[in-house]
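Please look through the sequence and the model before reading on.

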Amino acid sequence: MATNAYVNENETANGLGLHLHSRGSQNGNGKENIILLGSGDMSMALAINFMRAKLNPVVASRNPERARSRLKKMRNLDVDVATIDTGVSLGDVVVVAIPAEHHGSLPARALRGKILIDISNRSPSEPSGGPSNAEKLQELLPESHVIKAFNTLSSYALTQGNIQGSREVPICGESEEARNRVAGLVRDIGLIPVDHGALKNARAIEDIPLSFFPEWRTAFILAPCIFLFYFIIVLFEKQLCPNFVNDNNSTSWDTQPFNYLPLLNIQFSLAYTAATLLLATYIPGCLAGYIQLYRGTKYSQFPDWLDKWMKSRKQFGLLALLLGGIHGCSAIFTQMTWGMIYPEKWYEQLYCMAGPTLLGTLAILGVTSLPSVSARLTWREFSIIQRYLGWACVALVTIHDGFSNFNYLLESPSCVYIPTTAQFTVALCLLTILLKIPLVLPCVDQHLTKIRNGYERGLAKPSPA
């Protein structure tokens, strides 16, 4: 094809007289042709979705017969299939669904002036930060409009029509008109386009499928460290110290306490870790409040360590729910196996009742933090649940931890000069409550609310949010 409908021989794709039509080439039924280069899983999945959207996908393949046979086997779809040279001439929007290492084989002349949607992802072995596949494709085909899109989606979910994760599709490219055109296709198949601007942002978009729980990194690092800390203390309390302080002259150790290490030690360590993670969910909010009161504004940045801590609160809370649930089930099974002992003293009954109440309240917080649930709540409903039930959990964990070790809170350590696990967690609970009490005083709470609504100390009127 010597020329195409959008550029002549002297035009380039750098914006020199280039014009993109609002809708591309159509077939005989008036449907827009969307060309899919390649016949892999993602190409097949997009073909299915474009057909659902009443568009006309055309699969351009090196082996048209194999591609046609595969489409018939998948959904018995009557999708147009053509060779690559023929296919790219049938439409103005071309989805490049071939591996990035084969981009050099694309027919540059036939693709001049067309919108190329790059759906490839970089290999995990490639270092991040370098040029993206989309940028490299644009360099190979400077007279085409390369748009990065669809690379964050699962071919399986698209094929089944059941996308459980985010429905957002990041889009970027140098041509705003081309981005808008691709955004329209994204909406046509029922997804949400998110414009990320220039093509250089494809580097971050290509990192998305390779990311592994980035928001959970702090929680995943801190939680095992806390667990190990408590496990070591419990090991000293339950197994080592009884042997260190043994008054008899026997040279052999009593190994009987070590028989409980796999069950009781882990059970107690999980409980104290869950309590600490729960407190870590609410301590940073108190610290942020004091910083805003001190600075008299909400617009100054928090310190980096506090900012990262604030962003990890949800993850801390969900891990607290998980570990607390495991501890609760383990405690129940232990009592059932060893025989139920009815608590006779009032504080024993109080701590037994506080445990399941705490777990149930944590479950409510965990459920309402899910996007599908929180989206159905008003901001007032969500904030009241998270705020008041959250601090109810802090009070319940204080009661549960405090009264479960009521007789041992004031005892001095037997052989190590560090607080016992009970003393440590109860102290953290009380410290968290003491941090909160000044902030709920009416005069302080009203002033902090003014600051969070835009008031700045020294200004006559609140700043616009």
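## Phe50 and its surroundings

Apart from its neighbours within four places in sequence, Phe50 is in contact (heavy atoms within 4.5 Å) with Ile34, Leu36, Leu55, Pro57, Val95 and Ile189. This is a predicted model, in which local features need pLDDT of at least 70 and side-chain atom pairs count only at pLDDT 80 or more, while totals for chains, interfaces and linings use all residues. Residues are numbered from 1 along each chain as its sequence is written, and side-chain values use heavy atoms, with hydrogens and water left out.

Phe50 lies in helix α1 (residues 41-52), where helices are DSSP runs of H or I with at least four residues, strands are runs of E with at least two, and both are numbered from the N terminus. Phe50 counts as buried because its relative accessibility is 0%, and buried means under 20% relative accessible area, with a 1.4 Å probe and protein chains only. Between Phe50 and Val186 the C-alpha to C-alpha distance is 9.5 Å, although they are 136 residues apart in sequence.

## The whole chain

The following table collects values for the chain.

| Item | Value |
|---|---|
| Secondary structure | 16 helices and 8 strands |
| Buried residues | 43% of 465 residues |
| Contacts joining residues at least 24 apart | 70% of contacts between residues at least 6 apart in sequence |

## Two helices

Helix α11 (residues 313-338) and helix α12 (residues 346-368) have axes that come within 10 Å and cross at roughly 145 degrees, where axes are lines fitted to C-alpha atoms over the stretch in contact and angles run from 0 to 180 degrees between N-to-C directions. Residues in this contact include Leu318 and Gly324 of α11, and Leu359 and Gly366 of α12.

Notes:
Buried means under 20% relative accessible area, exposed over 50%, partly exposed in between (1.4 Å probe, protein chains only).
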